[in-house]
Amino acid sequence: MSAQPRPLSRCVRRALRLARARTPSRHPCRRASGAGKRGGGLAEGTGFEVALETGAPIGARRLLVTSGLTDELPDVPGVRERWGGDVIHCPYCHGWEIRGQAIGVLASGPVGVHQALMFRQWTDSLMLILHTTDAPPPDQAEQLAARGIEVVPGVVERLEITDGRQHGVRLQDGRVFARQTIVVGPRMVAVSPVLDSLGLKPVAHPMGSEVAEVYAADPSGATEVKGVWVAGNVCDIAAQVISAAAQGMFVAAAVNADLTSEETQADVMRAREVV
Ligand SMILES: Cc1cc2nc3c(=O)[nH]c(=O)nc-3n(C[C@H](O)[C@H](O)[C@H](O)COP(=O)(O)OP(=O)(O)OC[C@H]3O[C@@H](n4cnc5c(N)ncnc54)[C@H](O)[C@@H]3O)c2cc1C
């Protein structure tokens with residue numbers, strides 16, 4: 001076995017240099033002072049230090065970031081107020097609760113037609129309001145028509161809300177449609193000052209950055225910066241609660257395997273020095 005420092009240590013040191021070179025963020029990562037002197041015989045200079053808002057530092061040999069994502073909602077009055085109630089985005093989260101209702105899909109990006117077809121499984125009264133999007137191409141228009149989904153051109157001015165309940169949609173041309181539930185397609189954006197401070201940047205979703213931007217990782221959850229892993233919505237927009245939690249457990253096992261390997265290699269090298 002080579003007595004050279006492991007590639008991991010070089011890469012982590014590079015990450016820490018990047019972190020120091022950047023403008024300090026709210027959650028900057030820095031070198032963990034003395035981390036290399038702890039049990040396990042780690043190479044000098046490896047590890048991270050995460051600064052909390054309180055100023056208290058937390059040292060770690062590895063990072064697993066699970067900071068989720070932000071939903072950027074369409075800028076329509078009423079949407080933010082009713083978000084998560086009767087303004088929703090996900091049939092797997094809310095389908096049962098809104099079954100049979102008059103539903104309007106407020107299209108603001110490329111997933112509007114897809115959402116309309118999915119929510120059609122939950123109601124016979126489904127309307128696709130084009131808002132800021134173009135009319136669907138012929139193949140999608142055929143699918144919508146076959147499923148009995150009305151396509152309404154026009155920009156939404158605001159949601160009609162009375163006594164804290166959504167009941168309609170008002171278009172800029174003055175038309176009002178009675179709709180109990182509104183479906184929106186938020187732009188999903190992972191924002192992590194911690195990962196940014198290490199030189200990582202969110203990448204565009206295959207359907208485009210107008211759909212989502214999250215941080216890339218390999219199947220084990222490892223990022224391009226050695227020693228830094230991610231799990232859940234910060235790297236996967238499709239993760240639900242149970243799958244995000246499962247990813248966290250799976251990736252934590254990968255982190256532990258990495259630590260096991262590092263500690264074992266360090267002890268092997270120490271044992272060789274004794275011999
Ligand atoms: C309206 C709505 C309804 C949903 N309903 C369901 C449902 O019914 N069932 C379901 O399975 N899923 C549902 N989801 C999806 C579910 O919320 C996500 O799949 C899940 O929360 C992802 O878990 P996560 O741990 O990756 O991220 P999150 O749950 O978002 O957790 C990330 C955490 O990190 C914290 N954080 C972020 N940045 C920092 C920082 N710099 N320092 C410290 N902490 C930080 C955040 O405050 C947050 O607590 C719903 C989502 C929405 C928006």
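**Close-up views of a predicted model**

**View 1. Surroundings of V105 in the predicted model.** Leaving aside neighbours within four places in sequence, V105 has contacts (heavy atoms within 4.5 Å) with G112, Q115, A116, L126, M127, L128, I129 and V183. V105 belongs to strand β7, residues 103–106; strands (E, at least two residues) and helices (H or I, at least four) are DSSP runs, numbered from the N terminus. The relative accessible area of V105 is 0%, so V105 is buried; buried means under 20% relative accessible area, with a 1.4 Å probe and protein chains only. F119 lies 14 residues from V105 along the chain, and their C-alpha atoms are separated by 8.6 Å. This is a predicted model: local features need pLDDT of at least 70, side-chain atom pairs count only at pLDDT 80 or more, and totals for chains, interfaces and linings use all residues. Residues are numbered from 1 along each chain as its sequence is written, and side-chain values use heavy atoms, with hydrogens and water left out.

**View 2. The largest nonpolar core.** A nonpolar core is a set of buried Ala, Val, Leu, Ile, Met, Phe, Trp, Tyr and Cys residues joined through side-chain atoms within 4.5 Å. The largest has 17 residues, of which L63, L195, L200, Y215, V228, V230 and V234 touch the most other members. Two or more residues each come from β2 (48–51), β4 (63–65), α6 (193–197) and β17 (228–230). Leaving aside neighbours within four places in sequence, L200 is in contact with L195, Y215, T223, E224, V225 and V228.

**View 3. An open sheet of 4 strands.** The strand order is β5-β14-β16-β15, and the pairing is mixed; two strands pair if DSSP finds at least two bridges between them. The edge strands β5 (70–72) and β15 (203–205) each have a single partner strand, so one side of each is left without a neighbour in the sheet. Direction ignored, neighbouring strands of this sheet are turned by 35 degrees against each other on average.

**View 4. Pairing of β14 with β16.** Strands β14 (residues 187–189) and β16 (residues 208–214) pair in the parallel sense over 2 bridges. M188 stands opposite A212 in β16.

**View 5. The whole chain, for orientation.** The chain holds 7 helices and 17 strands. Of its 275 residues, 43% count as buried.

Technical notes
Buried < 20%, exposed > 50% of the residue type's maximum accessible area, 1.4 Å probe, protein only. Axes fitted to C-alpha atoms, helices over the stretch in contact; angles between N-to-C directions.
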